[in-house]
Amino acid sequence: VVGDMDSVNDSTLDRVDADGVRTMRYPVEKDMTDTQEAIDVAAARGAKEITILGALGGRIDHAIANLHLLKYGRKKGLSIKWKGENKCQLL
């Protein structure tokens with residue numbers, strides 16, 4: 001789990017920690033989105049393909065930022081696709 005965890009409640013974080021899930025927590029005040037941080041972590045670990053779930057629903061500002069990550073990922077040599085509830089895909 002990668003991010004600043006600002007939208008996750010404490011009981012969920014406690015459960016994730018208790019289950020031994022590795023978390024990488026970043027400051028809330030930063031110059032990247034949590035999704036961009038996750039892409040960087042995956043790329044650093046050798047990922048070539050990334051599927052992001054649910055990144056286009058909800059807040060429009062987050063959806064627009066996530067769409068820009070297509071180009072960001074391609075510059076890093078990654079294949080990124082999104083899958084949402086309506087089963088549409090952006091490749």
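**View 1. Contact of helix H2 with helix H3 in the predicted model.** In this predicted model, Thr35, Gln36, Ile39 and Asp40 of H2 meet Asn66, Leu69 and Tyr72 of H3. By residue type, the contact of H2 with H3 divides into 3 nonpolar, 3 polar and 1 charged. Two packed helices are described by the angle between their axes and the distance between the axes. For H2, which spans residues 34-44, and H3, which spans residues 60-75, the angle is about 25° and the axes lie 10 Å apart. Because angles under 35 degrees count as roughly parallel, H2 is described as roughly parallel to H3. The crossing in which H2 passes H3 is right-handed.

**View 2. Buried residues of helix H2 and what covers them.** The buried residues of H2 are Gln36, Glu37, Ile39, Asp40 and Val41, and the elements that cover these buried residues include E1, E2, E3, H3 and E4. An α-helix has 3.6 residues a turn, so residues three or four places apart point the same way. Gln36, Ile39 and Asp40, listed among the buried residues of H2, also take part in the contact with H3. After H2 comes Gly46, with a positive phi near 95°.

**View 3. Strands E3 and E4, paired in parallel.** Strand E3, residues 49-53, and strand E4, residues 79-83, run parallel and are joined by 5 bridges. Along this pairing, Thr51 stands opposite Lys81 in E4, and Leu53 stands opposite Lys83 in E4. In E3, Ile50 and Ile52 form the covered face, whereas Glu49, Thr51 and Leu53 form the uncovered one. In E4, the covered face holds Ile80 and Trp82, while Ser79, Lys81 and Lys83 belong to the uncovered face.

**View 4. Glu49 in strand E3.** Glu49, which lies in strand E3, is exposed, with a relative accessible area of 66%, and belongs to the uncovered face of that strand. The C-alpha atoms of Glu49 and Gly73 are 9.5 Å apart in space, although the two residues are 24 residues apart in sequence.

**View 5. Met5 in the loop between strand E1 and helix H1.** Met5 is found in the loop that runs between E1, residues 2-3, and H1, residues 10-18. The phi of Met5 is near 65°, a positive value in a residue other than glycine. With a relative accessible area of 11%, Met5 counts as buried, because that term applies under 20% relative accessible area.

**View 6. Glu29 in the loop between strand E2 and helix H2.** Glu29 is found in the loop between E2, residues 24-25, and H2, and is exposed, with a relative accessible area of 71%. A separation of 8.6 Å is computed between the C-alpha atoms of Glu29 and Asp4, which are 25 residues apart along the chain.

View 7. Taken along the principal axes, the C-alpha atoms of the protein chain fill a box of roughly 35 × 30 × 25 Å. Of the 91 residues in the protein chain, 23% are buried. Among contacts between residues at least 6 apart in sequence, 44% join residues at least 24 apart.

Notes: Residues numbered from 1 in each chain as written. Predicted model: local features only at pLDDT ≥ 70, side-chain atom pairs only at ≥ 80, totals over all residues. Heavy atoms only, no water. Axes fitted to C-alpha atoms, helices over the stretch in contact; angles between N-to-C directions. Helix = DSSP H or I, 4+ residues; strand = E, 2+ residues; numbered from the N terminus. Parallel < 35°, antiparallel > 145°, perpendicular 65-115°, else oblique. Left-handed = near helix turned anticlockwise from the far one by under 90°. Contact = heavy atoms within 4.5 Å. Nonpolar A, V, L, I, M, F, W, Y, C, P; charged D, E, K, R; others polar. Buried < 20%, exposed > 50% of the residue type's maximum accessible area, 1.4 Å probe, protein only. Pairing = 2+ DSSP bridges.
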